[in-house]
Amino acid sequence: MKIAVLPGDGIGPEITAQAVRVLEALAADGLPLEMANAPVGGAGVDAAGDPLPAETLALCEASDAILFGSVGGPAYDSLPRPQRPEQGLLRLRKHFDLFANLRPALVYPELAHASSLRPELVAGLDILIIRELTGDIYFGQPRGIRQTESGEREGFDTMRYTEGEIRRIARTAFEAARKRDRRVCSVDKANVLETTQLWRDVVTETHADYPDIALSHMYVDNAAMQLVRAPRQFDVIVTGNMFGDILSDEASMLTGSIGMLPSASLNARGFGLYEPIHGSAPDIAGQDKANPLATIISAAMLLRYSLDQEAAAQRIERAVSRVLASGLRTADIAAEGEATIGTVAMGDAVLAAL
Ligand code: IPM
Ligand code: MG
């Protein structure tokens, strides 16, 4: 089973290194895993003048799954858009048709204090955000910055979804809900936007095939509010690319740290890219401060969804739970005054627990 490891920029190399150590430990225990690294994002620009070098894409194509770190950094912010680090990630999503982005927001009991909400509001929180990842205003054409007749510049992007795109992500959400509390909340802005009126209609039609699932609809502004008012009302949230980008960052904070949240981006054949939902954190890069747990848990998701290795996935998740229960903390999840450890020491702890 081949895994393409794309560390990327900022803290990406440090955190993926810890996840790779965990995977190597499983390999040493008999799981037939093979890992190979390739540059992406700013590292791709540095190595080959392209945020997604041809050799990196070829490695991904020859692999069964991708483990991704993070991309971006101040050094690349002024490059023309096609060379921006984020394009490496967006092109991978599009190339492999990774339309289903699973972003669980789970509160570990020991970390409820780290949430920006009162612990009694978030204790036991377990939400799965399913974000459509290859359509919407992120990819819609036309887009650009043009000159109007009056000589002003005008920026424009296009929000669009076909019913096929909506139907397949709705199915993903209903299927996922069957393995959970059987509730799906679809988030849109159907009171204003035509695209999301179609979204609501198609999600409702698709629901006819899933009578065992309770479906509700919510406008995105209300959903943003409900997530901080009473987040435990949600089980599965399904939404478009743009709203999902925003709501998943918001949901991450409910859990105490964006440094804890993994994600999976899957296509119809189960091939996937796995990445922490946090970014490249250039401010702490190279300082052994970053929390590697989101990436380590992403590796567990990779084993579960793309390699069908449920037992190995659970081994990693149990190891992470034990490390947290034992009180070890990186700075982002520490309570005030609590002792902290660095990236490598956290990796050591997970390996020891494994
Ligand atoms: C995410 C990120 C990306 C996105 C960026 C890095 C392109 O914010 O995965 O949520 O907007 O999708
Ligand atoms: Mg985002």
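By class, how many nonpolar, polar and charged residues does the shell around ligand 1 have?

Analyst: The shell around ligand 1 has 1 nonpolar residue, no polar residues and 5 charged ones. In this scheme Ala, Val, Leu, Ile, Met, Phe, Trp, Tyr, Cys and Pro are nonpolar, Asp, Glu, Lys and Arg are charged, and the others, Gly among them, are polar. This is a predicted model, in which local features need pLDDT of at least 70 and side-chain atom pairs count only at pLDDT 80 or more, while totals for chains, interfaces and linings use all residues. Residues are numbered from 1 along each chain as its sequence is written, chains are lettered from A and ligands numbered from 1 in the order in which they are written, and side-chain values use heavy atoms, with hydrogens and water left out.

The residues around ligand 1 are Glu 86, Arg 93, Arg 103, Arg 131, Tyr 138 and Asp 245, each with a heavy atom within 4 Å of the ligand. Polar contacts (N or O pairs within 3.5 Å) involve oxygen atoms of ligand 1: the side chain of Tyr 138 has a polar atom at 2.5 Å, that of Arg 93 an N or O atom at 2.7 Å, and that of Arg 131 a polar atom at 2.8 Å. Taken alone, ligand 1 exposes 320 Å², of which the protein buries 76%, by the Shrake-Rupley method with a 1.4 Å probe.

As for the fold, helices (H or I, at least four residues) and strands (E, at least two) are DSSP runs numbered from the N terminus, and two strands pair if DSSP finds at least two bridges between them. An open sheet of 10 strands with mixed pairing runs in the order β2-β1-β3-β12-β11-β4-β5-β10-β8-β9. Its edges are β2 (34–37) and β9 (214–219); each has a single partner strand, so one side of each lacks a neighbour in the sheet. Strand β5 (residues 126–132) pairs in the parallel sense with β10 (residues 236–239) over 4 bridges, and Ile 130 has Val 238 as its bridge partner in β10.

Helix α6 (residues 163–178) packs on the sheet, touching β4 (100–106), β5, β8 (183–188), β9 and β10, and makes about 165 degrees with β5. Contact means heavy atoms within 4.5 Å; angles run from 0 to 180 degrees between N-to-C directions of axes fitted to C-alpha atoms, for helices over the stretch in contact.

In the loop between β5 and β6 (144–147) lies Pro 142, joined to Gln 141 by a cis peptide bond with omega about -5 degrees.

Methods. A polar contact is a pair of N or O atoms within 3.5 Å; within protein, one must be able to donate a hydrogen and the other to accept it, and residues adjacent in sequence count only if both atoms are side-chain atoms.
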